[in-house]
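Subject: Structure handover

Hello,

Here is the structure for your files.

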Amino acid sequence: MSLISKSIIWQRLAEHQADISKKSLVDLFQADPSRAQKLRIEAAGVTLDYSKNLINQQTLDLLYELVIEKNLGEQIKQLMKGGVVNCTENRQALHTSLRCDSGRENCQQKRVNTTFRRMGEFVNRVHTGDYRGSNNKFITDVVNIGIGGSHLGPMMVNEALLPYKRSSLRCHFVSNVDSSEIHHVLEDLDPESTLFIVASKTFTTTETLTNANTARQWFVDNSLADADVARHFIAVTANVENAKNFSIEESNIFPMWDWVGGRYSLWSAIGLPIALCMGMDIFDELRAGAEEMDLHFLDTPFEQNMPVIMASLSLWYINFWDAHSTAVLPYDHHLTYFTKYLQQLDMESNGKQVTNFGERVPYHTSPIIWGDVGTNGQHSFHQLLHQGTRFIPTDFIISMQAAYPMRNHHALLFANCLAQSRALMTGKTEAEAVEELIKQGLDKEDAESLAPHKAMPGSRPSNTLLLKELSPKRLGALIALYEHKTFVQSVLWDINAFDQWGVELGKELSSEIYSALCGHDFPEKTDPSTRNLIEDYRSAI
Ligand code: F6P
């Protein structure tokens, strides 16, 4: 299999970039009065305006040729019908099966329906008080103990859908092995009314098991009978044996499957905190929205296919414009954790340096994803987006309706979002800055000396994703959009989006260093810096 970067289309894209880079975004709009209308699509209740990108029809035609060269249509079918797309672990990646209520062809949802039924029953029992804690107390608090994919998805969704919360259960998340986190979560809880979910696909993850053991110790220490542990700890895992060894009753273990990747798993029983705290119907709506996006992805020609367009644009900037990072800026307070969630999704999936065939890739892969909610970022890092030396494509996300309409807040939020993408696009020339300063009363000399500081290059590209409202369905569609964007990028780059071997070395080394911190031998060939730091720790405790 030859590398895509050796193809003629790649070469033509490079030549085309040299040509189009002479034009500004404003030029591109002037060249085609219907551009804003043409470069805008809608799918599953999400509108993508991609007109503020450094592209024209020729760019898109070349990118679609690239997509066809990579046989994307077949790859999408393979993904959804359960082909072994995770070649290094010999696994399927069937997260789309967890949301195919429509029963489309090759859908394997029957395999998971029993689990969804059990989740629904359990949620109902907790909500009605049929399932209670020690001393017959109602469950009031749920603590999800997990990390990475067993944490970020449910936490992000629960925050995003807060206005839709159906139950009075309070939901807490513990992920970090840093004891400060669990300390602060536990300090306000009553063990008799707290339910712990130990969420770990492997049930071997150090952080999760350490936190779970601490939670159990806290539970036992707070004067409750050891026997009640079973009632207060449930698990979501693919490793039933380990969960049972942790004394979780089999009837309280919700299964996961090896064909669901951790970062794609919020649709499985890993979504139990969503179902418990938001409501099972909300969880179902979330899955339904994701399925709408799946069907769009599966059935829509590439020219109108939202994940394909977003992935192609991402590749365009990373590989032809030398963009190293992408800012994701949701103008929605409830999407506080969305960028964090996307960091794992894209960077753990596509932070790879060899192709599926083991060759070193000669091009960059995953973007570095970063960002924060607007308008907060405007008063912090947006300065760099506007005037910094780096070229950073940006995704703006905003809903048309506020979750909690109050006075003029939403119009201001909306105006700021549009103003940012417009300012990034148009920028300000030195001549414009001079004129503006003279109008403000500066003399010509002072205006000319200040103008370079006020000028902004502009022509900085962005996508705007518009939702009618941040409902469970629209959120499901938005998440699925980014999942598929991630997959398409991996196909174009010829890399495996579903493994994560890079995290292993750190885990191995940390277990050796931990052993040395506890007084055992230093790991073999410890470097002098690490040795000094271990000794510092040993002498401090
Ligand atoms: O270390 C990375 C990782 O394997 C992620 O891919 C995963 O989401 C996370 O750890 C948690 O894994 P588990 O659910 O098995 O505890």
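This is a predicted model: local features need pLDDT of at least 70, side-chain atom pairs count only at pLDDT 80 or more; totals for chains, interfaces and linings use all residues.

Numbering starts from 1 along each chain as its sequence is written, and side-chain values use heavy atoms, with hydrogens and water left out.

Ligand site. There are 15 residues around the ligand, and G149, S150, S200, T202 and T205 come nearest (a residue is near if one of its heavy atoms lies within 4 Å of the molecule). By class, this shell holds two nonpolar, nine polar and four charged residues (Ala, Val, Leu, Ile, Met, Phe, Trp, Tyr, Cys and Pro count as nonpolar, Asp, Glu, Lys and Arg as charged, and the others, Gly among them, as polar).

Oxygen atoms of the ligand lie 2.7 Å from a polar backbone atom of G149, 2.6 Å from a side-chain N or O atom of T202 and 3.2 Å from a polar side-chain atom of Q344. The ligand taken alone exposes 390 Å², of which the protein buries 88% (accessible areas by the Shrake-Rupley method with a 1.4 Å probe).

Helix residue. A18 lies in helix α1, residues 8-20 (helices are DSSP runs of H or I, at least four residues). A18 is partly exposed, with a relative accessible area of 42% (buried is under 20%, exposed over 50%, partly exposed in between; 1.4 Å probe, protein chains only). A18 and W321 are 303 residues apart in sequence, and their C-alpha atoms are 9.4 Å apart in space.

Regards

Key: A polar contact is a pair of N or O atoms within 3.5 Å; within protein, one must be able to donate a hydrogen and the other to accept it, and residues adjacent in sequence count only if both atoms are side-chain atoms. Helices (H or I, at least four residues) and strands (E, at least two) are DSSP runs, numbered from the N terminus.
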